[in-house]
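User: Could you take a close look at one part of this protein for me? I'd like to hear about the salt bridges.

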Amino acid sequence: MADSSTSSTSSSGSPITQITKDHLFTILLLLPIDSVLDFAMTCKRFRATASSDALWESICRREWGPTSVDALKSSIHCQNRLPWMRLYKQVSQLDSVSCRKLSDPDGGTVSPDARASHSLNFVSDCLVLFGGGCDGGRHLDDTWAAYIGNDCQRMLKWQKVNSGIPSGRFGHSCVVMGDFLVLFGGIDDHGIRRNDTWVGQLACHETLGITLSWKLLDVGSVTPPHRGAHGACCIGSRKMVIHGGIGLNGFRLGDTWALEVSENFCFGTWHEIITRPSPPARSGHTLTCIGESRTVLFGGRGSGYEVLNDIWLLDSHADHHKWVQILYELQNIPGGVSLPRVGHSATCILGGRVLIYGGEDSSRHRKDDFWVLDLSAVPSFRVQPATVDSRRILAKMWKRLKAKGYKPRSRSFHRACTDHSGRYLYVFGGMVDGLLQPAEPSGLRFDEELFLVELVLQL
């Protein structure tokens with residue numbers, strides 16, 4: 001009997017060998033990344049499956065979202081399969097970006113004037129720029145668009161598509177919801193703060209070129225207080241969140257509001273998110289959505305005019321919202337003393353991390369550095385306290401990137417956005433140091449430069 005039992009066990013082998021490749025594929029997709037890598041290293045029989053491009057493309061779709069993966073494939077124009085496992089590792093270990101100037105070097109084409117505190121969005125395969133402030137504290141009311149498509153490195157041809165609607169302003173917010181733009185608030189050149197909400201829709205015509213129609217969104221009687229220089233981002237498909245800004249009489253605000261837009265984008269509903277604790281009042285900060293339900297708040301200028309470097313996460317599940325502060329010490333981060341800033345950009349890039357660029361410090365020294373903020377190790381808000389202070393999380397939270405290629409001027413209050421893949425970042429305008437231009441006695445000037453920032457990946 002013993003010999004029979006031994007023979008049976010030997011012929012059947014380990015239970016895992018009985019799993020079909022399709023079933024194993026499904027199981028691996030449910031595992032954390034580290035577990036998939038460990039399995040590929042230890043299980044020789046299924047190493048090919050655990051390291052296959054098909055599996056890792058699916059993992060990238062799970063981790064980065066299908067939109068980023070599909071856009072990445074289209075932009076590379078690769079006939080063969082991409083090396084998805086290697087690509088995932090490179091994105092996770094990203095250490096450099098490459099900059100390239102996209103503005104017309106000869107100035108022979110029509111393009112937007114120099115400005116700061118405008119909006120810049122990537123929607124319907126186009127860059128769309130609206131408003132901003134310029135010399136003399138004047139506001140702008142123009143809308144510009146440039147078609148990009150799948151060629152993210154082309155020299156762009158700007159087209160002025162609208163003027164006067166919405167009314168001129170700077171320090172407003174504008175987010176992308178599907179094929180629509182949603183704009184809120186801002187400040188005009190008389191110092192008047194606004195709290196109106198607009199919806200814009202872009203269309204491309206063979207004869208008319210690019211057109212953009214704006215309409216005032218019906219939001220009923222409940223609206224956030226008037227403000228500008230606030231932070232905003234889109235969560236999900238039809239929700240915008242705003243925080244803080246400069247309100248009436250120049251007071252900085254610390255409130256959080258959410259806008260729910262109807263499916264047909266004809267009306268919306270504002271409601272205030274009240275939760276304790278919550279980020280203190282500030283302006284010139286950023287809100288960035290990562291994943292489906294998380295919003296990252298970073299930096300800004302506080303009520304005492306101090307420049308901040310704190311990080312807060314807003315977790316949104318159904319009608320439940322919770323702010324959580326991520327605690328860290330600047331001295332524990334290489335080069336971290338330069339992190340406090342206001343007027344920077346913070347954009348979600350390929351891999352679900354936040355790329356922070358530029359801004360200025362408390363002495364108004366403008367910056368040209370790139371930082372990646374990685375909060376992927378932060379646990380679910382639903383099971384964690386109001387603050388997070390973990391050495392394991394902080395060990396890889398901040399990383400300063402090397403910048404190659406073209407060297408843009410240091411700037412603040414510029415605007416930036418990515419293409420659908422998250423690999424290419426477009427940056428336009430801002431305030432730069434006038435000392436580089438001796439003819440400018442004011443010490444600063446507005447910039448009209450457009451440049452591309454590419455994540456350096458070896459594909």
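Is aspartate 255 buried or exposed, and what is its relative accessible area?

Analyst: Keep in mind that this is a predicted model. Aspartate 255 is buried, with a relative accessible area of 14%; the cut-off for buried is under 20%. Its side chain meets that of arginine 227 in a salt bridge, 2.8 Å from N to O. Arginine 227 sits in the loop between strands E11 (209-216) and E12 (231-235) while aspartate 255 belongs to strand E14 (residues 252-261), so the pair ties together parts 28 residues apart in sequence. Arginine 227 counts as buried too, at 0% relative accessibility.

Now for lysine 407 and aspartate 368, whose side chains also meet in a salt bridge, at 2.8 Å from N to O. Lysine 407 comes from the loop between E26 (398-405) and E27, and aspartate 368 from the loop between E23 (354-357) and E24 (370-373), so this pair ties together parts 39 residues apart in sequence. Here lysine 407 is exposed, at 63%, and aspartate 368 is partly exposed, at 26%.

Then there's aspartate 447 with arginine 409, where the closest N and O atoms are 2.4 Å apart. Aspartate 447 is in the loop between E31 and E32 (450-455) and arginine 409 in the loop between E26 and E27, so they tie together parts 38 residues apart in sequence. Aspartate 447 is buried at 0%, whereas arginine 409 is partly exposed at 22%. Salt bridges with shared partners join these two, Lys101, Arg411 and Glu449 into one network.

For the whole model, the salt-bridge count comes to 22.

Technical notes
Residues are numbered from 1 along each chain as its sequence is written. This is a predicted model: local features need pLDDT of at least 70, side-chain atom pairs count only at pLDDT 80 or more; totals for chains, interfaces and linings use all residues. Side-chain values use heavy atoms; hydrogens and water are left out. A salt bridge is a side-chain nitrogen of Lys or Arg within 4 Å of a carboxyl oxygen of Asp or Glu. Helices (H or I, at least four residues) and strands (E, at least two) are DSSP runs, numbered from the N terminus. Buried means under 20% relative accessible area, exposed over 50%, partly exposed in between (1.4 Å probe, protein chains only).
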